Structure formats: C-alpha cells, structure tokens
Amino acid sequence: MSKQTIAVLGPGSWGTALAQVLNDNGHEVRVWGNITEQIDELNQDHTNTRYFKDIILDKKIIGYHDLGQALDGADAVLFVVPTKVTRLVAKQVAKALKHKVTVMHASKGLEPDTHERLSTILEEEIPADLRSEVVVVSGPSHAEETIVRDITLITAASKDLATAKYVQELFSNHYFRLYTNTDVIGVETAGALKNIIAVGAGALHGLGYGDNAKAAIITRGLAEITRLGVAMGASPLTYSGLSGVGDLIVTGTSIHSRNWRAGDALGRGEKLEDIETNMGMVIEGISTTKVAYELAQELGVYMPITSAIYRTIYEGADIKESILDMMSNEFRSENEWTE
C-alpha cells in the first residue's frame with residue numbers, strides 16, 4: 001500500500017498504540033486531542049506518559065490541537081474517543097471535513113440514552129458524501145502489549161468488504177494483523193458487551209473466587225452477549241471469533257483491563273466513585289451495563305450476569321449477594337442460548 005495520511009482522534013492508550021502501528025507501516029500519522037499538555041508532550045518529548053511511562057514514540061507522529069488541520073488532506077480518520085463524546089466529536093469532524101475520507105472507529109461501547117452503536121452515530125453525524133462505510137476496528141487487544149509490538153490479531157468490520165480490506169491493509173504488519181468481517185452489529189456489540197462481563201470477572205476475583213468461577217462467568221457471559229447481539233441483528237458466529245470470545249478472554253482475565261480492575265475493586269468493597277477517580281481512565285463497562293440492561297428489558301433477552309452487575313452499580317445491591325443470587329437461580333439447559 002502507498003503511504004496514507006491518517007488522522008487519529010483521541011490520544012488515549014489505544015489511540016496512541018494504533019498511531020504507532022500506522023506509523024510503523026510508513027503512513028503519515030496525525031494525532032488530535034483536546035488536552036493541550038498531552039499534545040504538547042507528544043510533539044516535544046515524543047511520549048504519552050499518562051498511559052505509557054517508558055515508551056518513546058517516533059518523531060514522525062505529530063500531535064494536533066486544531067481538528068481542521070489534522071483532517072486537512074487526510075485519507076482516513078480513526079475515532080478512538082470515549083463513547084460518551086463520540087457524537088460530539090463526529091459533529092465537529094463533519095463541520096471540519098472538506099473532502100471524502102475513510103471513517104474508522106476503535107472504541108467499544110453503546111451510547112447512553114439512545115442505545116446506539118458507534119458506527120450508527122458516525123453514520124448519522126457525518127454526511128454520506130464525506131465518508132466511506134464505517135469500519136469497526138475491534139478485537140482482543142491491550143494497548144500495553146500492542147505498544148511494545150506484541151503479536152495482536154483483531155477484526156476490521158464494515159458493511160462494505162472492500163473498505164474493510166483497505167483498513168486491513170492499512171494496519172496489518174508482522175505483529176499486528178486484521179481479519180475482515182461484514183457483521184458490524186456483531187463485532188460492535190461483542191466489543192461493547194464484553195466489558196460488562198469483564199467487570200463481573202474482576203468482581204469474582206475481588207471476592208476471592210478462583211479459576212472455576214472465572215471460567216463459568218466467561219462462558220455464561222458469552223452466552224448472554226450472544227443472545228442480546230442476535231436479538232439486535234448480529235450473526236451468532238461472530239461471537240465465536242476474535243471480536244467475540246477472543247476479546248472476552250483478554251478483557252475478562254487480565255489486570256491490563258480497566259473493566260476487570262474496576263470489578264476487582266468492587267469485589268473488594270471499594271466504592272464506585274472512588275474506583276472511577278483512582279482509575280483516571282474511562283471505564284466503559286459501567287455505562288454499558290446500564291445500556292445493556294435496558295436493551296435486555298426492551299428486547300426480552302435473558303441476561304443474568306448483566307442484571308446482577310446492574311443491581312450492584314445502579315441499585316446499591318451487595319455484589320456477593322447479587323452473584324450468589326444469580327448462580328442459585330440459573331437452572332437452564334446450556335444450549336438454550338437463544339431463549
């Protein structure tokens with residue numbers, strides 16, 4: 001592939017790691033953010049110490065304060081901003097764009113209140129004549145490992161396969177590999193909903209449970225994620241792939257996962273407001289729990305793990321009692337995942 005110009009919107013941990021991947025592939029990478037000190041640090045010291053203490057980035061990765069400048073002449077735009085501000089940033093992009101670009105996003109969540117997926121938000125806010133079909137970049141990936149060029153395999157999903165293949169070629173190299181998929185609903189819901197299960201898996205650890213419980217919550221969590229995703233129009237096969245079970249494993253078993261760490265702290269009795277303050281990063285699983293719970297009620301989907309975590313976070317229920325209540329009441333056939 002010839003050199004492309006990519007605007008990466010959001011200098012968080014994942015945005016920074018993906019910027020490095022793109023730079024490694026010889027592309028011109030522009031990182032836009034709204035925290036002045038962070039962008040200045042990127043340009044002056046070539047670091048992002050808020051997320052990576054010991055990583056020096058290539059000098060060719062340039063930070064931008066001005067969104068219009070970052071987008072000027074860009075071939076593609078990668079959204080890596082928190083779910084709650086995706087719509088706001090998309091509106092700003094729509095105003096600043098002067099030409100058509102490939103639009104990608106690598107965030108994982110569902111919008112509060114509207115319950116919409118992120119690709120839907122981007123489609124609504126960026127006019128069709130200024131963008132491609134949206135490509136979702138998602139899968140089992142910790143920024144802490146990608147930034148040191150550890151082997152990572154994820155998915156590029158779009159309703160247009162040719163656009164997904166473009167993004168696949170844009171990112172893929174000897175340590176970072178993308179597989180294409182056309183099931184956007186499945187890939188996005190898998191990426192968003194696994195954060196809820198990761199909170200639950202962390203809570204079990206914080207409560208002192210072992211590997212048996214971990215395996216139980218991951219496998220039963222996958223079943224309820226699949227139920228809701230299929231009810232929303234996804235293919236069940238997607239949940240057995242990288243963006244489904246793969247992402248659930250990496251997020252539900254690792255201390256790198258902020259959602260797992262949040263659950264672990266809840267299990268140890270810490271208050272949610274203290275956890276969010278100490279984390280210093282967005283915990284997508286917290287807001288996604290509410291969205292998923294409301295969607296499950298609306299669509300009549302059985303989601304006992306999500307319900308237990310919802311009761312803990314939003315109704316003040318004791319986490320241990322919620323988990324034990326869920327375990328004592330779930331008498332079902334293992335293969336009844338569609339009910």
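Strand 6 and strand 7 (residues 152–157) are paired in the antiparallel sense over three bridges. Two strands are taken as paired if DSSP finds at least two bridges between them, and helices (H or I, at least four residues) and strands (E, at least two) are DSSP runs numbered from the N terminus. The structure is a predicted model, in which local features need pLDDT of at least 70 and side-chain atom pairs count only at pLDDT 80 or more, while totals for chains, interfaces and linings use all residues. Residues are numbered from 1 along each chain as its sequence is written, and side-chain values use heavy atoms, with hydrogens and water left out.

Strand 5 (residues 102–105) runs parallel to strand 6 and is joined to it by two bridges. His105 stands opposite Val136 of strand 6. From strand 5 the chain passes through helix 5 (residues 118–125) to strand 6, in a β-α-β crossover that is right-handed; that is, with the strands pointing away from the viewer, the path from the first strand over the helix to the second runs clockwise.

The loop between strand 5 and helix 5 contains Asp113 and also His115. Asp113 is not a glycine, yet has a positive phi of about 75 degrees. His115, likewise not a glycine, has a positive phi of about 65 degrees. Asp113 is exposed, with a relative accessible area of 72%, whereas His115 is buried at 15%.

A search of the whole structure finds two cavities of 30 Å³ or more. A cavity is a set of points, on a 1 Å grid over the protein atoms alone, where a 1.4 Å probe fits but cannot get out, and lining residues have an atom within 4 Å of a point. Grid points are joined across faces, edges and corners, and a volume is the space filled by probe spheres set on the points.

The second largest cavity has a volume of about 50 Å³. Its lining includes His105, Val136 and Ser138, together with Arg117, Leu118 and Glu188. Strand 6 and helix 8 (184–206) are the elements that give two or more residues to this lining, and helix 8 gives the most, with three. The lining residues of the second largest cavity divide into three nonpolar, five polar and three charged. Here Ala, Val, Leu, Ile, Met, Phe, Trp, Tyr, Cys and Pro count as nonpolar, Asp, Glu, Lys and Arg as charged, and the others, Gly among them, as polar.

The largest cavity has a volume of about 60 Å³. Among its lining residues are Pro11, Thr16, Val31, Gln38, Asn48 and Ile61. Helix 1 (13–24) and helix 2 (36–44) each supply at least two residues of this lining, with helix 2 giving the most, three residues. The lining of the largest cavity comprises seven nonpolar, three polar and no charged residues.

For residues 183–322, UniProt lists "domain: Glycerol-3-phosphate dehydrogenase NAD-dependent C-terminal" in an unreviewed entry; UniProt positions are given in the numbering used here, feature names are shortened, and annotations may be inferred rather than shown by experiment. Over residues 183–322 the chain is 75% helix and 0% strand, and the end C-alpha atoms are 33 Å apart.

Notes:
On a 1 Å grid over the protein atoms alone, a cavity is a set of points where a 1.4 Å probe fits but cannot get out, and a pocket is an open set with protein on both sides within 12 Å along at least five of seven lines; lining residues have an atom within 4 Å of a point. Buried means under 20% relative accessible area, exposed over 50%, partly exposed in between (1.4 Å probe, protein chains only).
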